[in-house]
Amino acid sequence: TQVPSTTAVSTLPFDLYYGISKEEVRTLQKLLNAKGFTVALTGPGSPGRETTYFGSATRAAVIKFQISKNISPAVGRAGPLTRAAIQVN
């Protein structure tokens, strides 16, 4: 028998934007890095060294992701459309 699918709990439950420090930012950075929208090549934000701070490198990676998904405006804020798109496999 198949188990009915349930709505997954969002790992990014609220908007993420420049200047905040939250554990969800680390999750966002991990997702961006894993999908090829690298936050940083080395140091903080790089794969395996993701941080809780949403700085300029995270914003730049979010903008690249938004442009690739035709999310407008591509301003680097992880709002509802961006959060939904990045969590899709």
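Predicted model: local features only at pLDDT ≥ 70, side-chain atom pairs only at ≥ 80, totals over all residues.
I began with L81, which is found in helix α3. I took helices (H or I, at least four residues) and strands (E, at least two) as DSSP runs, numbered from the N terminus. L81 is exposed, with a relative accessible area of 60%.

Residues are numbered from 1 along each chain as its sequence is written, and side-chain values use heavy atoms, with hydrogens and water left out.

**The whole chain**

I found three helices and zero strands in the protein chain. From the N terminus on, the elements run α-α-α. The protein chain has 89 residues, and buried residues make up 33% of them. I then turned to contacts, meaning heavy atoms within 4.5 Å. Among the contacts with a separation of 6 or more, 49% are accounted for by residues 24 or more positions apart.

**Helix α3, side by side**

Which residues of α3 are buried? In this helix, residues 80-87, I noted T82, R83 and I86 as buried. They cover an arc of only 100° around the axis, which puts them on the same side of α3. The arc is that of the directions from the helix axis to the C-beta atoms. On the face turned away from this buried side, I found the exposed residues P80 and L81. The buried residues of α3 pack against α1 (23-34) and α2 (56-68).

**How α1 meets α2**

Two packed helices are described by the angle between their axes and the distance between the axes. I read the axes as lines fitted to C-alpha atoms, for helices over the stretch in contact, with angles running from 0 to 180 degrees between N-to-C directions. For α1 and α2, the axes come within 11 Å and cross at roughly 50°. The two helices are therefore oblique to each other. In the scheme I used, angles under 35 degrees count as roughly parallel, over 145 as roughly antiparallel, 65 to 115 as roughly perpendicular, and the rest as oblique.

Which residues make the contact? From α1 I listed L28, Q29 and L32, and from α2 T58, A61, V62 and F65. By class, these residues divide into five nonpolar, two polar and no charged. Here Ala, Val, Leu, Ile, Met, Phe, Trp, Tyr, Cys and Pro count as nonpolar, Asp, Glu, Lys and Arg as charged, and the others, Gly among them, as polar.

**How α2 meets α3**

α2 and α3 pack at an angle of about 80°, with their axes 11 Å apart. They are therefore roughly perpendicular to each other. I saw V62, F65 and Q66 in α2 meet T82, A85 and I86 in α3. This contact has four nonpolar, two polar and no charged residues. V62 and F65 were already on my list for the contact with α1.

**The loop between α2 and α3**

I looked at N70, which lies in this loop. N70 has a positive phi of about 55° although it is not a glycine. At 70% relative accessibility, N70 counts as exposed. P73 also has its place in the loop between α2 and α3. A cis peptide bond joins S72 and P73, and omega is about 0°.

**The loop between α1 and α2**

Is S46, found in this loop, buried or exposed? At 5% relative accessibility, S46 counts as buried. Leaving aside its neighbours within four places in sequence, S46 is in contact with N33, A40 and L41. G36 is found in the loop between α1 and α2 too, but at 58% relative accessibility G36 counts as exposed. From G36 to K64, I noted 9.9 Å in space, C-alpha to C-alpha, and 28 residues in sequence.

**Before α1**

My last entry is S21, in the segment before α1. Leaving aside its neighbours within four places in sequence, S21 is in contact with T52 and Y53. S21 and G55 are 34 residues apart in sequence and, C-alpha to C-alpha, 9.1 Å apart in space.

Notes:
Buried < 20%, exposed > 50% of the residue type's maximum accessible area, 1.4 Å probe, protein only.
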